[in-house]
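Student: Before we discuss particular contacts, could we look at the model together and go through its features one by one?

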Amino acid sequence: MMPQLQFRDAFWCRDFTAHTGYEVLLQRLLDGRRMCKDVEELLRQRAQAEERYGKELVQIARKAGGQTEINTLRTSFDSLKQQMENVGSAHIQLALALREELRGLEDFRERQKEQRKKYEAVMDRVQKSKLILYKKTMEVRLCGSPSHRPPHPQSKKTYEQKCRDADDAEQAFERISASGHQKQVEKSQSKAKQCKDAANEAERMYRQNIEQLEKVRGEWEQEHRTTCEAFQLQEFDRLTVLRNALWVHCNQLSMQCVKDDELYEEVRLTLEGCSVDTDINSFIQAKSTGTEPPAPVPYQNYYDREITPSSSSPGMPTSCGMIKRFSGLLHGSPKTPPLQAPAAFSTETLTSTPERKECIYADIAVQETSGNPAPPAHDYRVLYDYTAQSSEELDISAGDVLAVILEGEDGWWTVERNGQRGFVPGSYLEKL
């Protein structure tokens, strides 16, 4: 097994003024923050897609129809609509769970940002102190106006220059001492002493600056190690949280697939009980109009109808014979009865009229039904947002409180809010 590497052992730089290792680590954390945002965006878009899909399934299930079907196929189709609506509701719940995961990732990312900013502030301070003191110790810093900018007495270059001046003065003193001029010897000796004292002072200041620089460097090194450890811990937490988030996301999607299959399995079980023969038999038993076809229509000679009254149609009234006798009279038939026949015809016709009228226009008893009184309205809370698709529907938002006037069997309920009435999906409401 590969040993665990540490940030504090792998991100140094031999250049005293460079901070390449720290910059690499900081960039890694910034890239990790970008990755967190990418995962959050994925969850956000997936939650939106799940919510849209769930709401569309609910709408499809509630508007699917199927009321014209009967018996077992009607039961299977109703089961499909119900389970499809349940699947839609499950996907809406999945969208809520994804948004909850999204909020957790956002909080985690912000906490990491706050921690990183604290370490950045400390590192910026110690790095700046280290660089300033290094320049003060190792370089000649010029100050003042361009016409008069003496070298800084606390720099290494100043110390080196003072040492060179002291060496030059000592050599000059030795040369002058050999010539024998007393005044020049005294003057050269005095100058050599001054240069030597200046070199000693520059060396003291240089040593003092080195000691301060070492103290600052030690503080910077300790902060660098601490920051490396903190950054490695942040990276460990970030990788762990993102890996778990993706794992949970995949589990949620797998569980949703299993739940969808379980719901549709209920429909398949219902379809197993769907019998074609049973549905056909039920339709015949409920809607049968008769078991025998109509009898053939016989040919009837118009003039033979009086001679053979038995062959006449059962629905023909008895006055048809009288009409035929009048027809024979008009044609001058010798078989016509005396002229009293019209009177008999008139009497028979008049007397039969009331009976036929009574038979045809029998009174029909109509039972008056009175409607059930409307049930009292109940208050319900809205669970999801819904936008009206027609003028008969009502816009609702999650958290609204409505009064339910009528609970429709098709899933569309009549509600009232602020004096406005309209239809809304019943599954979007929760009773208070």
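Student: With which residue does R44 form a salt bridge, and how far apart are the closest N and O atoms?

Tutor: This is a predicted model, in which local features need pLDDT of at least 70, side-chain atom pairs count only at pLDDT 80 or more, and totals for chains, interfaces and linings use all residues. Residues are numbered from 1 along each chain as its sequence is written, and side-chain values use heavy atoms, with hydrogens and water left out. A salt bridge here is a side-chain nitrogen of Lys or Arg within 4 Å of a carboxyl oxygen of Asp or Glu. By that criterion R44 forms a salt bridge with E41, and the closest N and O atoms are 2.7 Å apart.

Student: Why are R44 and E41 separated by about one helical turn?

Tutor: Helices are DSSP runs of H or I with at least four residues, strands are runs of E with at least two, and both are numbered from the N terminus. R44 and E41 lie in helix α1 (residues 20-62), and because they are 3 residues apart there, the separation is about one helical turn.

Student: In which helix do R238 and E235 lie, and are they buried or exposed?

Tutor: R238 forms a salt bridge with E235, with the closest N and O atoms 2.7 Å apart. The two residues lie 3 residues apart, about one turn, in helix α4. Buried means under 20% relative accessible area, exposed means over 50%, and partly exposed lies in between, with a 1.4 Å probe and protein chains only; on this scale both R238 and E235 are buried.

Student: Which residue meets E221 in a salt bridge, and at what N to O distance?

Tutor: E221 is partly exposed, with a relative accessible area of 21%, and R225 is partly exposed as well, at 29%. Both lie in helix α4 (residues 182-272), 4 residues apart, about one turn of the helix. The salt bridge joins E221 to R225, with an N to O distance of 3.3 Å.

Student: What is the order of the strands in the open sheet?

Tutor: Two strands pair if DSSP finds at least two bridges between them. Strand β2 (residues 401-407) and strand β3 (residues 412-417), for example, run antiparallel and are joined by 4 bridges, and L406 has T414 in β3 as its bridge partner. The open sheet has 5 strands with antiparallel pairing, in the order β4-β3-β2-β1-β5.

Student: Which strands stand at the edges of this sheet?

Tutor: Each edge strand has a single partner strand, so one side of each is left without a neighbour in the sheet. The strands that stand there are β4 (420-425) and β5 (429-431).

Student: Where does N418 lie, and what is its phi?

Tutor: N418 lies in the loop between β3 and β4, and at 75% relative accessibility this residue counts as exposed. Although N418 is not a glycine, its phi is positive, at about 55°.

Student: In which helix is N71 found, and what is its phi near?

Tutor: N71 is partly exposed, with a relative accessible area of 30%, and its place is in helix α2 (residues 71-138). Its phi is positive in a residue other than glycine, with a value near 60°.
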